[in-house]
Amino acid sequence: MLIEGKSTSQPWQLQEARYPKLTVPQNVRPCCAFGDMQKVKLGLVSVPFFRLNNVVGLSDIGPHKFACGIYYYTSASSSVLDHGGSENNGIVYTQQGGFIDLAHVRDTADDTIGLFFEILANLGQAHRIDLPAELGPRYIEMRAFDVSALTDKQQWSVAAHLAARLAYFKAESHEIAQWHGYTSFSGWPETISAYSLEDLYSNMLGAKIVLNLIQHRNVLSEQEYNQNVSLWLNASLQELGIVDKAQAKQVLAAVDGKWWSSKESIPNKYMVLKRHYELGDQQTPYLLTPELLGDQFEHLAPVAKTSAIALSLPAYAESLELDNIATLVLEIMPRYAATFSHIPEQLWSERIVHTEFPMIARYAKQQDSKEMEAIGVGNE
């Protein structure tokens, strides 16, 4: 999957009545602010004797549960791992995929399967799929086109690639929404997480895992889906070179003051010092490099001597350009208009489509650079 290998050929004649009733989840899992053992403030008051422990290791990761929300317990008998329990999401570090936020992986995995069966059922027709609103209405516009020349297998493939691609762009729209003031919980700002350096690579990993599960038809019941995501997630992390929890914490310590600041408290936006504004269907992770180590962290040199595995989602399937078949649309409600004042109005005032998301992110990068310069914070 990670090196774009071809899936095995299987018979494709399925009955729609057998498809699981999975739709796009209405909520996202709580994700982790980048860093480790951060302080937390409520308003202007620091929470005493509290530090947020974000980091997990491979053995800590629990079984996947579709749309589980904040907490769900999977029994050991239903799990394909060697234990049951909650998903136990957090941040891991991999030598070829950098930092990965497991909540982001799982959310986009669930969005991919949630979109797939509706896209498949309506492929070739004009159809709208409404998504949970954030800055305003979000939805997918499917366009009519002739599918008569496509076999069942080809239609399955096109729908699978569309689902993965649009689930990933839904994740990009969430990064934009967080930057522009959207919050999942009233009074708790999420700007700290907007364009966080690990987010989109994590989201794309989730999309790719489920794209491949769909291509192998390993998603024909909710239990089968949950079990296969659990297996493929763990296998993918091992293939990317996941390090143990203690080493991951050391890597976060090595980039303290460079990629994040332990001196700041959540939810201060500029606790995160390095962000990822390069949106699009190809994602490259940020890795620990020898230049980041210094004398104090020389012992991490073996972890820093690796090359990155870039991820991508195909723009074409069965010779069809996917962005011509379906588009993710984001509309902006008036209450958020002021947060777009630094962006030309013609780009966002009516609606933003996913092919325009990179332009929105570039304006965010410019604005963040100005703010960080004004408060004397460096941004590598």
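Student: Which residue in β6 is the bridge partner of Ile-129?
Tutor: In β6 that partner is Ile-140. Helices (H or I, at least four residues) and strands (E, at least two) are DSSP runs, numbered from the N terminus. Before going on, note that this is a predicted model, in which local features need pLDDT of at least 70 and side-chain atom pairs count only at pLDDT 80 or more, while totals for chains, interfaces and linings use all residues. Residues are numbered from 1 along each chain as its sequence is written, and side-chain values use heavy atoms, with hydrogens and water left out.

Student: OK. How many bridges join β5 to β6?
Tutor: There are 5, and the two strands run antiparallel. Two strands count as paired if DSSP finds at least two bridges between them. In general, strands of a sheet pair through backbone hydrogen bonds, either parallel or antiparallel.

Student: And how many residues sit between β5 and β6 in the hairpin?
Tutor: The hairpin has 6 residues between its strands.

Student: What is the strand order in the open sheet?
Tutor: The sheet has 4 strands in the order β5-β6-β12-β13, with antiparallel pairing. Its edge strands are β5 (127-131) and β13 (352-353), and each of these pairs on one side only.

Student: What about β6 and β12, how many bridges there?
Tutor: β6 (residues 138-142) and β12 (residues 326-330) are antiparallel and pair over 5 bridges. One place to look is Met-142, which stands opposite Ala-326 in β12.

Student: Which strands does helix α1 touch?
Tutor: α1 (residues 102-122) packs on the sheet and touches β5 and β6. Its direction makes about 165 degrees with that of β5. Contact here means heavy atoms within 4.5 Å. Axes are lines fitted to C-alpha atoms, for helices over the stretch in contact, and angles run from 0 to 180 degrees between N-to-C directions.

Student: Which strands does α2 lie across?
Tutor: Helix α2 (residues 152-179) lies across β5, β6 and β12, and runs at about 15 degrees to β12.

Student: At what angle do α1 and α2 pack?
Tutor: The angle is about 135 degrees, and the axes are 8 Å apart. α1 and α2 are therefore oblique to each other. Angles under 35 degrees count as roughly parallel, over 145 as roughly antiparallel, 65 to 115 as roughly perpendicular and the rest as oblique.

Student: Is the crossing of α1 and α2 left-handed or right-handed?
Tutor: Right-handed. A crossing is left-handed if the near helix is turned anticlockwise from the far one by less than a right angle, and right-handed if clockwise.

Student: What classes of residue make up the contact of α1 with α2?
Tutor: There are 15 nonpolar, 4 polar and 3 charged residues. Ala, Val, Leu, Ile, Met, Phe, Trp, Tyr, Cys and Pro count as nonpolar, Asp, Glu, Lys and Arg as charged, and the others, Gly among them, as polar.

Student: Next, α1 and α3. How close do their axes come?
Tutor: The axes of α1 and α3 (residues 199-215) come within 7 Å and cross at roughly 40 degrees, so this pair of helices is oblique. α1 passes α3 in a right-handed crossing.

Student: Which residues of α1 meet α3?
Tutor: Among them are Val-105, Ala-109 and Phe-116 of α1, and the α3 side includes Leu-205, Gly-206 and Ile-209. By class, the contact of α1 with α3 has 10 nonpolar, 6 polar and 1 charged.

Student: Change of topic: how many aromatic pairs does the structure hold?
Tutor: It holds 12. One of them is Tyr-19 with Phe-117, a tilted pair with 4.9 Å centre to centre and 35 degrees between the planes. Tyr-19 lies in the segment before β1 (39-42) and Phe-117 in helix α1, so the pair ties together parts that are 98 residues apart in sequence. Rings of Phe, Tyr and Trp (its six-membered ring) pair if their centres lie within 6.5 Å; planes under 30 degrees apart count as stacked, over 60 as edge-to-face and the rest as tilted.

Student: Last one: is the peptide bond from Ile-266 to Pro-267 cis or trans?
Tutor: That bond is cis, with omega near 10 degrees. Pro-267 lies in the loop between β7 (265-266) and β8 (282-283). Another backbone detail is Ala-67, which has phi near 50 degrees, a positive value in a residue other than glycine. Ala-67 is in the loop between β2 (45-46) and β3.
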